[in-house]
Amino acid sequence: MKSGSEKPLVQLKKINKSFPGVRVLEDISVDFYPGKVHVLLGENGAGKSTIIKIISGIYYPDSGEVLVDGEVQHFTNIKQSQKLGISVIHQELSVIEDLTVFENVFLGREIKKAGIVDAKAMIKETRKLLKNIGINLDPKAYVRDLNNGEKQMVEIIRAVSQNSRLVIMDEPTSSLSDHEVESLFNVIRKLREDNVAIIYISHRLKEIMAMGDTVTVLRDGVVVNTLPVKEVTEDQLVTMMVGREITNYYYKPERRKEGKVVLEARNMTREGAFRDVSFKLYEGEILGVSGLIGAGRTEVMRAIFGADKYDSGECIIYDNAQRNYKSGSWVNSRRQKRTGIVIREKC
């Protein structure tokens, strides 16, 4: 097992970045070491994404320096950073839906034999990569047929397959199931053993405490502190993030007394997707629907919205005139607008 180097692989020195009317980063200085998981932690807007975009060449700093192996770099595009072994797994999926898994993994760096793309070799290598990290995917499957968690794993496989020296992970577990999260952690452990530097961005404190070696806390574009993860508690991290002590993470107001029902699902079923789903939504209430990827959350909401049909059961909208829509019979935008139901698949 290789140990982390004493010399930083990537260094940021007094990085400043502004957009019209907004100062995003101010005098950011951070070192990232081989074989270490370095967490960037902060609230939304703290500057985390801007930092990784500067490291990867998407943005250019207004002032300051980016050093790789002690040499100043002037990245102006992603290809330049990739040549030096820097890979990014963005929170927003960038896989190509109409290509297969193996084509996405080797996109832009296809294996060729006698000048011709060698699909068999790429399929073999992709299958080996999938096996190494414990993911059961068909290399020849089209990405459009995968769920969001599986698409995220394709992104991760593509990044770690490039013999990267620094892998940046921006909220990599946001759409993963528990099993997929554990597979990702296994990938991170293997990268750390191979002396790869990792920048990890997450709002999930338990992940940070479990996988991080070092944490840099950002607030309003400024570094609050950089310290070993083992020397800090979750409460201290939260206090550094928000700038004040938080005595109660979760405020739960007194439950409203049940009032007027505005929407009711009764024994809604679609074979292969969901079965016997029933609930009531009350006026002024926020109703949460939770479950792992593949549990049927999205499918139920799309059926209630009218985007998809369902096989049996009923959806009742209570307004001035009670309306009962059965088996997806109101799948059209005009009726959706009349009922006032709006769906957002990803916020």
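Hi everyone, let's start with the sheet: 6 strands make an open sheet, in the order β6-β9-β10-β3-β11-β12, with mixed pairing. At its edges sit β6 (86-89) and β12 (222-228), each of which pairs on one side only. Ignoring direction, neighbouring strands of this sheet are turned by 15 degrees against each other on average. Here two strands count as paired if DSSP finds at least two bridges between them. Strands (E, at least two residues) and helices (H or I, at least four) are DSSP runs, numbered from the N terminus.

Before I go on, a word on the source. This is a predicted model, where local features need pLDDT of at least 70 and side-chain atom pairs count only at pLDDT 80 or more, while totals for chains, interfaces and linings use all residues. Residues are numbered from 1 along each chain as its sequence is written, and side-chain values use heavy atoms, with hydrogens and water left out.

Back to the sheet. β6 and β9 pair in the parallel sense, over 4 bridges. If you want a place to look, find Ile86, which stands opposite Leu166 in β9. Packed on this sheet is helix α1 (residues 48-56), touching β3 (37-41), β6, β9, β10 (197-201) and β11 (214-219). The direction of α1 makes about 150 degrees with that of β9. For such angles, axes are lines fitted to C-alpha atoms, for helices over the stretch in contact, and the angles run from 0 to 180 degrees between N-to-C directions. Contact itself means heavy atoms within 4.5 Å.

Now to helix α4, residues 119-132. Its 14 residues reach 20 Å from the first C-alpha to the last, close to the 20 Å expected at 1.5 Å a residue. That expected span is 1.5 Å times one less than the number of residues.

Which residues of α4 are buried? They are Met122, Ile123, Thr126 and Leu130. These four cover an arc of only 100 degrees around the axis, so they lie on the same side of α4. The arc is taken from the directions that run from the helix axis to the C-beta atoms. Buried means under 20% relative accessible area, exposed means over 50%, and partly exposed is in between, using a 1.4 Å probe and protein chains only.

And what do the buried residues of α4 pack against? Their partners are α3 (101-105), β8 (116-117) and α5 (148-160). On the face turned away from that buried side, α4 carries the exposed residues Lys120, Lys124, Lys131 and Asn132. After α4 comes Gly134, with a positive phi near 75 degrees.

One is Asp27, with a phi of about 50 degrees. Asp27 lies in strand β2 (residues 22-32) and counts as partly exposed, at 44% relative accessibility. Glu171 also has a positive phi, near 50 degrees. Glu171 sits in the loop between β9 (166-170) and α6 (178-193), and with a relative accessible area of 10% Glu171 is buried.

Let's finish with charges. Side chains of opposite charge can pair when their charged atoms come close. A salt bridge here is a side-chain nitrogen of Lys or Arg within 4 Å of a carboxyl oxygen of Asp or Glu. How many salt bridges does this rule give? The count comes to 16.

One of them joins the side chains of Asp69 and Arg165, at 2.7 Å from N to O. Asp69 is in the loop between β4 (63-68) and β5 (71-73) and Arg165 in the loop between α5 and β9, so this pair ties together parts that are 96 residues apart in sequence. Asp69 is partly exposed at 46% relative accessibility, and Arg165 is partly exposed at 32%.

Another salt bridge links Glu234 and Lys206, at 3.9 Å from N to O. Glu234 belongs to helix α8 (residues 234-242) and Lys206 to helix α7 (residues 205-211), so parts 28 residues apart in sequence are tied together. Glu234 is partly exposed, with a relative accessible area of 26%, whereas Lys206 is exposed at 65%.

Then there is Lys190 with Asp194, whose side chains meet at 3.2 Å, N to O. Finally, Glu264, Arg266 and Glu314 are linked in a network of salt bridges.
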